[in-house]
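Morning, everyone. Have the structure open and follow along. I'll keep this brief.

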Amino acid sequence: MESGLGLTIVVFLPLVSAIFIFLIPKKQEMLIKLVTLGSALLTFGVSLIVALQFDFNNAGDLQLGTKVSWISSINSNYEIGIDGISLPLLLLSTFISVLAIIYSFEHLPEPKNAKGMMSLILILETGMNGTFVALDLILFFVFFELVLLPMYFMIGIWGDKTVRSVSGLKNDIETRLYASIKFFVFTLFGSAFMLLGFLGLYFRGNRTFSIPELIELGSSGAFTGTFASLVFAVLFLGFAVKVPMWPLHTWLPDAHTAAPTVGSVLLAAILLKLGSYGFVRIALPILPEQAVAWAPAIAVLSAIGIIYGSLACLAQTDLKRLIAFSSVGHMGFVMLGISSLTSIGINAAMIGMVAHGIITGLLFFVSGSMAHTYHTRDMGRLGGNMKLLPKTGAILAFTAMASLGLPGLAGFWGEFMALLGAYNPLPGLNITIFRSSMVAGAIGTVLTAGYLLWMLQRVNLGEPKEEWLDKELHDADNYELVAWIPLVILTVLIGVFPKLIFGATNDAVIALVSKAFGG
Amino acid sequence: MSIQPLLIAAAALFSIGIYGILVRRNAVMVLLSIELILNSVNINFVAFNAMLSDVFLNGQIFSIFIITIAAAEVGIGLAIVLMLFRNRETANINEFDLMKW
Amino acid sequence: MVNQNFINLLAEGKPEYTDGGVLAEFTWLIVVLPFLAAILITFFGKYLPLQGAELALGTVLFIFSYSAALLYEHATKGIANEFFINVGSIGSYDLEFGWVVDGLSIMMYFVVGTVSSLVFIYATNYMQGEIRYTFFFTSLTLFAGSMLVLVSSPTLLQLLIGWELVGVCSYLLIGHYWEKKENSSAAMKAFITNKIADVGLMIGIIVLALSTKTLRISEILYQSTHDYADIKTVAYLGGVLLFIGAMGKSAQFPLHVWLPDAMAGPTPVSALMHAATMVTAGVYLLGRMFPFYQGMASQALDIVLLFGVITLLGAGLVAVVQDDLKKVLAYSTVSQLGYMVTAMGSGAYTAGLFHLWTHAFFKALLFLGAGSVIHAVHTNNMSEMGGLRKEMPRTFSTFIIGTIALAGLPPLAGFFSKDEILASLNHEGHNLYFIISVLGAFITAFYMTRAVLLTFFGDYRGDGHPHESDKMMTIPLIILSGFAIVAGWANIPGVYTGFTKWVTTRKNYIVEYHPESFDLVAMFSGLTSGLLGIGLAYYVYHMSGNATDGDEKIKIKPIWNLLENKYYLDFFYFKFIIDPVKITFAKFVDSFNSNVLDRFVNGVGTTASKAGGIVYTNLDQGGIDKVLNLSSTGTDTIGSKVKLIQTGKTQQYLMYFLIGVIVISLIILLVL
Amino acid sequence: MFEGSYVIDKFSLILKGLFILVTYLTFLLSVNFVESDEYYQGEYYFLLLSSLLGALVVTSSRDLLTMFIGIELASTPMFLLSGWKKGDQKSNEGSIKFFLLGVLSASLILYGFSLLYGVTGKLVFSDIANILIQQDLAQSPVALLSAILILAGIGFKISIVPFHSWAPDTYEGAPLPVTAYLSVSSKATGFVALIILMSKIFFESGDGLGIILVFISGITMFVGNLSALQQTNPVRLLAYSSIAQAGFILAPIAVANITNNFEDGVYASVTYLIIYAFMNIGAFLVINLLQRNIDSENMYDWGGLAKETPLAGIFAVIFFFSLAGIPPLGGWFAKFVVFRSLLSTGEIFGLSLAIVGAINAVIGLVYYSRISKIIWMDSPKEDVQKTENSIIPSPLKVVGFVSLILTIVSGIFPGIFSNLGEASSIFFNS
């Protein structure tokens with residue numbers, strides 16, 4: 001499929017459907033939902049076909065893509081393709097989107113408006129899928145930014161309406177409004193500079209935006225000196241905001257807390273990955289020399305992120321906020337893996353991304369649902385959830401276990417392998433820093449276990465509080481279960497048989513590392 | 001004939017015009033000041049034309065255009081002032097500060 | 001998928017082992033089956049007549065029979081084989097699961113199978129009518145399964161997986177009655193303590209894996225016995241780190257604190273956990289990695305030895321002051337684990353494992369017996385028991401057998417294993433440790449006798465009328481007491497040393513002292529101290545009056561307080577580690593996040609907005625006024641200036657315009 | 001034509017096309033406005049067309065006189081149009097300010113022209129440039145002074161700091177369609193004139209001019225954006241926004257003046273102008289549509305308005321975020337080409353300006369997102385009177401959809417517009 005047709009469909013089908021949905025009258029909600037689901041399923045189906053056509057024996061090569069002239073005046077092309085690094089993330093993205101839509105069938109937050117929500121999800125999906133297949137910096141940038149608007153509106157319109165005070169601001173503000181603009185401004189801040197970095201590469205790199213070509217140039221040492229370090233700095237800024245790495249993470253807890261359930265699921269599961277994927281796809285291979293120079297800093301920031309995120313979790317009373325902070329910690333492991341610049345570390349990051357997507361996505365599903373049922377996220381008021389909502393509680397418990405990196409479940413590989421990678425980073429990197437980071441990360445796993453178990457104790461266990469006893473609380477319904485069970489199964493499958501991910505990523509990562517760092 | 005006096009005269013006229021624009025309160029007087037400035041430019045053009053002995057008389061032609069346009073502008077200006085005067089019953093431009101902040 | 005690797009198993013030395021044939025090849029069944037069963041029980045258990053217990057029982061009975069078959073095969077022919085399944089590659093590392101079938105693992109399979117079967121049978125009755133009966137069996141099955149994952153592991157990776165799975169299952173089981181906060185807290189404590197230790201294990205695995213370029217245990221052992229340089233440099237570190245992991249699971253001082261609290265779980269759980277499935281993991285790890293320790297990390301063994309000795313003595317002393325019957329047994333377990341670790345530390349591989357083997361049976365017996373008692377009297381406190389030997393004769397007699405076995409009197413199991421440990425210590429010349437261990441034996445005998453006297457002798461001090469337990473509970477007791485008697489005969493110096501052969505699969509690697517006959521010094525001192533302990537306790541708690549007064553007679557206030565407070569370890573942990581982390585640090589980070597980072601971010605926002613205000617109001621809309629006002633305040637104003645100041649908006653704009661022109665001109669002409 | 005004083009090239013044709021299209025859209029925007037009150041219809045359209053003619057002349061003019069006439073023709077009608085709401089004092093006031101400053105700026109331009117003429121004796125740009133270079137006068141104080149005067153005069157039209165002060169008042173006072181025209185077409189006329197003058201006459205005037213332009217451009221972005229943050233009146237907000245945008249459009253020209261790489265600079269500016277034109281008209285349309293539904297000029301009163309007119313709501317999202325430069329809406333490409341031309345030589349002023357631009361893009365987002373936030377996310381204010389006016393007149397719909405399509409297409413297939421920009425810049429290479 002040299003035409004890149006499959007990938008093009010995967011990317012643009014959701015967008016086309018979104019436009020189509022605009023044309024359906026608002027009243028026909030069921031039709032809107034069915035069209036959305038249909039298109040998401042179709043997209044997922046096509047992405048599966050793409051995965052079947054993918055040649056896993058040459059997972060290191062970019063495949064199934066195409067290159068068509070797009071903006072000729074700046075030599076930017078519609079260049080797409082996937083390799084073992086992007087394939088798992090692409091599948092994750094199409095898959096989670098389907099689940100998010102299924103979940104939304106019956107669980108639209110106020111103000112309902114299925115039309116708006118569904119079209120936003122679809123636009124979002126185009127952005128996410130596009131980012132994972134784009135092989136042209138400008139194309140990448142456009143898709144990377146495409147996710148901003150839908151997410152901004154998702155948070156702003158369907159988000160949490162509680163009014164709260166924010167330090168540094170005089171007036172109290174609705175959580176959703178604060179969070180949405182914070183998310184938007186933060187990300188744009190990063191990406192505006194990232195764009196400058198892309199342009200820098202363009203001008204130094206024979207006026208091309210093609211990522212494969214730039215990688216060739218980069219690995220042959222075309223980008224050096226102050227220029228390269230500036231470019232890496234701005235790329236770092238752009239990607240690190242998205243990951244998010246400490247201390248650029250502060251938009252994340254607010255965004256997650258305020259976002260509607262589907263929003264936080266997509267945000268956690270896919271959007272955060274755009275940043276770390278950017279590091280692997282763009283920053284490392286194109287600027288290997290700078291990657292080496294920056295790696296210790298990234299490792300230290302990741303380690304801080306891990307510890308910091310975990311400690312912050314221990315202080316939370318808000319369930320969703322806790323999970324949001326846990327993302328900071330988990331993405332810290334991903335970045336720690338990447339910073340090691342070894343095939344082990346980057347592989348760890350890849351599986352870590354997928355696992356975090358599945359697990360944290362599920363956590364947000366469950367916690368969002370609980371917030372919806374209880375009308376509160378305050379863990380001080382919750383308790384005895386296992387008794388009140390046994391199914392939800394069981395899945396919450398399972399997911400928390402997965403999230404704390406329990407071996408045998410998906411979350412384990414990312415953590416363990418990241419530590420493995422960080423212990424022996426690329427030769428030439430400061431081993432003390434990396435090993436200290438690794439120890440910090442290892443301590444982080446304990447703290448992670450601590451806050452998650454504590455969360456379980458406060459939320460799931462114990463006798464239910466009196467205020468809930470006479471209330472009618474609905475346990476997970478079928479839509480929720482259909483959305484959740486696949487994630488549970490995936491968590492176990494990847495946990496037991498990580499080849500599902502490594503089978504695709506390993507060759508690609510080895511190719512990347514050997515090309516960029518010769519190791 | 002030296003060109004300096006002409007240029008100085010033009011510059012002086014220009015400055016007077018500027019002063020008038022800035023200081024006069026009556027809108028009509030401000031319009032007149034603008035005429036002064038435009039005319040200073042005319043003097044410039046004509047003087048330069050003479051100095052350069054431009055056979056195409058570019059400077060002269062230019063100044064004729066300026067005169068025409070100046071007339072049109074003053075006409076427009078007066079129309080606007082008139083409209084203001086109708087609405088506000090004053091031609092004092094200092095009182096036009098509705099949109100202060 | 002399955003490949004076999006004989007290099008490290010059989011290539012050297014005499015090929016005196018077989019590959020185990022079909023039996024070995026299908027050993028994965030006993031590992032996978034529990035997980036399948038757990039899933040089935042979860043989803044369909046409720047609809048079955050015994051609410052899922054039959055599935056669990058069937059599974060463990062299968063494990064028992066399979067492992068018995070393996071053991072028979074091994075004892076007669078000898079099996080050593082391992083199987084690998086590749087589940088992914090990462091870099092140049094193969095991630096492999098698999099199963100190993102050799103003496104050590106077969107011994108563990110058998111222990112797990114036997115003890116689990118009996119505990120499960122016991123539990124079907126014990127847990128009757130309790131809350132979440134089905135889920136209990138799910139977790140219990142998982143627990144056994146996880147332990148099998150651990151002991152069947154041919155790679156460090158799978159070992160780690162099993163290791164943590166065991167931890168989680170223990171969390172589920174200890175917190176079985178999670179309605180009460182103490183129970184869920186105890187579960188958390190167990191999990192977190194283990195997790196802390198796991199960090200050590202994890203890093204240890206990483207260190208070893210990276211220096212040997214493999215995750216396969218056999219390969220690592222091969223390298224460590226063949227003087228590979230890479231592993232040699234990290235051997236000490238790796239050894240210590242692995243031991244930290246072992247300390248958590250095997251409850252070595254100072255990470256033992258979770259184990260006594262773990263008594264919050266139902267008694268069958270305690271029995272399983274203390275005998276077969278969890279606490280033995282650490283010792284198993286030391287055993288599995290023993291060639292590595294011996295080959296390269298002998299300094300690490302010294303540390304192992306030290307902690308083992310500290311644990312055996314410290315925990316034994318605490319056991320003396322406990323009133324809770326289960327806690328006596330819990331501390332006793334800790335102390336016995338200390339023995340095993342001490343044995344490993346002193347290089348007595350077989351002795352350590354032998355003690356594990358015997359201890360599994362008699363400790364399971366004791367716990368189940370205690371459970372039977374508790375079931376009857378509805379309390380854990382010995383001060384509310386007494387005189388139960390008449391009401392519960394079968395429980396009493398089996399409990400006595402367990403006690404004697406634990407106290408180390410011949411010919412019961414504990415005697416032989418403990419003796420071997422003492423002999424080994426004596427042989428290696430660890431005189432101080434030898435003495436402490438002997439002292440430990442004395443203490444063991446003392447507290448066990450105390451417990452027996454308080455529970456079964458004297459008059460009944462509780463409420464109601466306790467009855468002997470159901471057959472389903474007493475039959476396992478009887479079977480276990482059989483094991484408690486005969487298990488020690490598997491390794492009698494000079495008579496029959498089958499056990500040594502069983503567990504020394506990798507014969508070429510392990511160099512250890514095997515007493516050809518009884519070490520008389522060790523035997524004599526062990527035996528004497530045991531008898532003395534029993535005697536003294538009998539005197540204090542029985543002969544010289546009422547059992548309950550016994551404590552008063554030996555109470556030396558400061559020491560007693562110290563022991564009752566468990567050396568203030570928990571206090572220390574909470575005060576200096578948990579609270580600071582959970583409260584101080586966490587609060588600090590949180591407030592840092594919202595008060596520093598967020599404030600900064602919001603500050604940037606407000607600053608931008610304020611800057612906007614300043615630009616807009618002062619520069620854009622009124623700047624000229626201000627500038628001119630400023631410049632005119634000093635000098636007395638001349639007419640034109642006054643007029644300028646008074647200009648209205650329009651002229652101000654014009655002014656702006658011209659000043660702009662002038663400023664730009666000046667800059668261009670003069671500056672640039 | 002006319003001895004090189006009037007040329008037809010790709011640059012002029014493309015921009016002529018732009019002006020005509022923009023004027024057409026303005027007509028459509030105006031239909032309802034003109035009909036809604038007793039305005040002089042005929043004159044209104046006549047004046048707009050006159051202004052268009054002026055703009056068309058400017059694009060082709062290559063001598064001082066033609067350009068001057070073009071500029072005057074383009075701007076003089078606007079003085080009248082901005083005061084078209086005769087009874088409205090704000091409109092009057094905006095008009096007089098606009099007029100006075102406009103005339104002043106015209107005089108400054110003229111004065112500058114006269115100096116140029118005096119130095120060289122020529123009116124045609126190429127001749128002037130040749131003589132300046134031959135006689136080594138390009139960097140003489142006279143040439144620079146004339147450049148500054150001309151810059152100030154044109155700076156008024158393109159409303160760059162510090163010549164921008166009329167813009168908010170006039171925009172606020174003028175009828176909305178006129179404002180749209182002012183902010184798009186008038187501004188574009190100014191930029192066209194500036195581009196021609198800078199690239200045809202002052203390209204050898206040394207770095208000083210370029211540097212001052214760089215500073216002006218940066219300051220303009222900051223002042224425009226920061227002031228826009230403070231606005232409550234949406235039209236005023238757009239006025240400051242267009243000031244900030246002017247900073248962006250100016251940036252490539254400024255840097256081109258230093259690097260002398262006018263090809264890149266013109267390409268970027270023209271592309272920006274084209275894309276900016278449509279999204280800005282769209283933005284004004286949005287204000288127009290929303291104001292039909294509510295009786296308040298304070299946009300903070302507009303809470304939840306999108307639910308009344310969802311179409312206007314969607315327009316608001318598209319156009320305002322396009323102005324903010326969020327992909328895949330056209331604005332991103334406009335900003336992108338600007339950044340591209342700023343960085344093309346990697347020279348320090350371009351780099352700094354690019355960083356300033358990036359920061360400003362972020363600041364801009366805050367207020368551009370504000371209207372969408374208010375109308376989509378805020379709850380309706382109860383004390384504000386709403387007028388039921390849900391049917392959108394078809395001319396406005398046409399404007400909306402044309403701008404919408406152009407804005408989105410220019411974001412997704414920027415090639416189309418960037419080709420125009422590129423084509424227009426080719427002329428400057430020779």
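Start with helix α8 of chain D, residues 176-200. That is 25 residues, reaching 35 Å from first C-alpha to last.

Where is the kink in α8(D) centred? On L182(D), with an angle of about 35 degrees. α8(D) is also mostly covered: 24 of its 25 residues are buried.

Next, helix α15 of chain D, residues 394-412. This one has 19 residues and spans 26 Å between its end C-alphas, close to the expected 27 Å. Its buried residues include L396(D), V399(D) and G400(D). Further along, S403(D), L404(D), L406(D) and T407(D) are buried too. S410(D) and G411(D) complete that list.

Now the contact between chains B and D. Chain B puts in 33 residues and chain D puts in 28. On the chain B side, the elements giving two or more residues are α1 (4-23), α2 (27-52) and α3 (58-88). Which of them gives the most? α3(B), with 16 residues. By class, that side of chain B has 25 nonpolar, five polar and three charged residues.

Last, confidence in chain C. Its mean pLDDT is 80, and 89% of its residues reach 70 or more. Two stretches need care. Residues 1-15 of chain C are below 50, with 26 contacts in the model beyond near neighbours in sequence. Residues 628-648 of chain C are also below 50, with 19 such contacts. Where pLDDT is low, predicted coordinates should not be read in detail.

Terms used. Residues numbered from 1 in each chain as written. Chains lettered and ligands numbered in written order. Predicted model: local features only at pLDDT ≥ 70, side-chain atom pairs only at ≥ 80, totals over all residues. Helix = DSSP H or I, 4+ residues; strand = E, 2+ residues; numbered from the N terminus. Expected span 1.5 Å × (residues − 1). Bend = angle between axes of the 7 residues up to and from the residue. Buried ≥ 20, exposed ≤ 12 C-beta atoms within 10 Å, placed from the backbone. Contact = placed C-beta atoms within 7 Å. Nonpolar A, V, L, I, M, F, W, Y, C, P; charged D, E, K, R; others polar. pLDDT = per-residue confidence, 0-100.
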